Amino acid sequence: MFCPECGTPLTSTNAKFCPECGTKLTQETSVPNTVKIQTSPPPSDDDWSDPIDWSEEEYTEEGKPPSANVYELGTKLEEIVDSIYQAEGYKTERRVRMPGQGGYTNEIDVIARRGRKQVAIECKNFTSAVGIKEVRDFSKKLDDLGQGWQGVFVAFNDLTIDAQNFAESRNIEIFSHEDIKEKWFAVSAGRVSRRGEKLNLKFALPIKSDYIAVTTLPLQNNHLIEVSDATLTFHPYIKIPYSFKAQVYDPTKKLHKFSDDGIVVIDLLDGKVLNRQAEKGGSIFNSLSTSKQSTDNAQTLQTFNEVLNNSPSPEYSITIGSDYQITELKPEITKRTVERVAIEYITAKNTSDITYTPSKGDTILDSKRRKFIPRRGDVKLFKSEMVSVPKWAVHFNAFGTIYTKEVFAHSGTVLENTIRYCPQHFKFGVINIKKEAVAVCEVCGKACCSEHITQCPVCGKWVCNEHASTCSSCGKTFCKEHASTICSVCNMPLCSDCEVECPICNRTYGSDHTQICDRCGTAACSQCITTSGLFRKTRVCKNCQ
């Protein structure tokens, strides 16, 4: 109840006078503490009760938990990641303290080993997107562990754009919220299809970027890079068109009108809403997953656009190739839950404050506020559309270094590509310079741009600056094998074309250190010839002294 004059809330339903302005209250003048809303029932052909013919076998019953508990994905993140790697054939350890090259110990959340492959995994279950600081700290741990380690950063609530860019520049694979769900549901439900199997798909986006397209790398020596594994995952979402209209009377009898329309995109694995979360009225909406959206959450926004801007094919078949496997994920939540999540999101988005100015006679009182919360009858849900989004996840092996590439198979949008950019050019801040890699080092596998990698002119091998040798005589860069001789004069590398043997000391030196004896004309190294004279210099070899 509230006062019809000043709008002050009334704590007692039997109050006779307003405690704020003293207005006498009667049964007739009291106004209920609910707003009047004028709505009309939605037409029957817009009823959302049966938008898609999903069988009961594909959907769990209401109240029955999904096969993989979404809550546990967050609260037991390390345990879940550990289980995923074990299912993929790795031997794992948790909370391992590893000695580093710098003399101090690094704590790694999960260590996974399979054959020669070693993976160091960092898990972060923050309430918001993980920033660049945490990824940079993990990168320092990897550097301290030394070569031979693949880094994986797991963020249950995803990463900011800066953090994602930094991770890619340091060849750190990212497990986002979507990746964790996909891997966990695939492992827990055993839905990986076999090679050569024919798969019938419904409501899936057609494949436009095939296996060859996503595994072809624009690098000079891409023929030396192997595909370790490749998976095509179909992830189910649903997009629900809606409209919202309401008319609200405030205590001064002023009419306020509200309207909104759009499309809600919902993840059918856990009920997470992909739309940016509501800010009106200070409301924050959380879906069945405990994840909060972030405007810096790049992959969620990319996924939202992939679902929103594309239409699926009603049905088509695909045969699984011999080089990759397919995982088809089925919806894990009920239609009733989807409807409820959509209504809750729309309600939160359109919750707002109504400002009004009450008066008493000729006196204008201070402005008041009331919160308007839409009712279910304010919202119409129209016919929905299920969209199964295909996504490639590929690992490349470049001379022992593992790279990751994730691509939407329909649009070709690249979500992650750790082999694309040279790590020497990433800068955090206003200036962010990226240079694309031209080749991988054929010693360590590091992908570098033209400034930091060179092709040996003798054997054609591509080597990074760390594994290259520059001839001290001619200035050309070679692999260390073809510039391995050390000059006896300057102790710097020499290529074979610049090697000279001194006829006096019989040591090898660079041709740029050759001097001529003024007495006998012998060409020798500078260590075997003495130079004298201040203005008119005289050079004499050891044999003529």
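Let's begin with burial: a residue is called buried under 20% relative accessible area, exposed over 50%, and partly exposed in between, using a 1.4 Å probe and the protein chains only. Helices (H or I, at least four residues) and strands (E, at least two) are DSSP runs numbered from the N terminus. What we have here is a predicted model, in which local features need pLDDT of at least 70 and side-chain atom pairs count only at pLDDT 80 or more, while totals for chains, interfaces and linings use all residues. Residues are numbered from 1 along each chain as its sequence is written, and side-chain values use heavy atoms, with hydrogens and water left out.

With that in hand, take a look at helix α7, which spans residues 298-308 and is mostly covered, with eight of its 11 residues buried. Those eight are Ala298, Gln299, Thr300, Leu301, Thr303, Phe304, Glu306 and Val307.

Now for the open spaces. A pocket is found on a 1 Å grid over the protein atoms alone: it is an open set of points where a 1.4 Å probe fits, with protein on both sides within 12 Å along at least five of seven lines, and its lining residues have an atom within 4 Å of a point. Grid points are joined across faces, edges and corners, and the volume is the space filled by probe spheres set on them.

The largest pocket holds about 930 Å³ of space. It has 34 lining residues, and Gln147, Gly148, Trp149, Asn171 and Thr401 are the closest to its centre. Several elements give at least two residues each to this lining: β3 (117-124), α3 (132-145), β4 (149-155), α4 (161-169) and β17 (401-408).

Two or more residues come from each of α2 (77-87), β3, β4, β5 (172-175), α5 (177-189), β7 (226-249), β10 (325-328) and β16 (385-398). Helix α5 makes the largest contribution to this lining, with five residues. The make-up here is 13 nonpolar, six polar and 11 charged residues.

Rings of Phe, Tyr and Trp (its six-membered ring) pair if their centres lie within 6.5 Å; planes under 30 degrees apart are stacked, over 60 edge-to-face, and the rest tilted. That rule gives eight aromatic pairs. In one of them, Tyr85 and Tyr90 sit edge-to-face, 5.1 Å centre to centre with 75° between the planes. Both tyrosines are buried. Tyr85 also stacks with Phe175, at 6.2 Å between centres and 15° between planes. Ring pairs join Tyr85, Tyr90 and Phe175 into a cluster.

Arg136 lies over the face of Phe166, at 5.5 Å from the ring centre; the rule asks for NZ of Lys or CZ of Arg within 6 Å of the ring centre and within 35 degrees of the ring normal.

Finally, check a couple of backbone angles. Asp158 has a positive phi near 70° without being a glycine. You'll find Asp158 in the loop between β4 and α4, buried at 2% relative accessibility. Phe203, also not a glycine, has a positive phi of about 60°. Phe203 is in strand β6 (residues 198-204) and is partly exposed, with 25% relative accessible area.

Terms used: Nonpolar A, V, L, I, M, F, W, Y, C, P; charged D, E, K, R; others polar.
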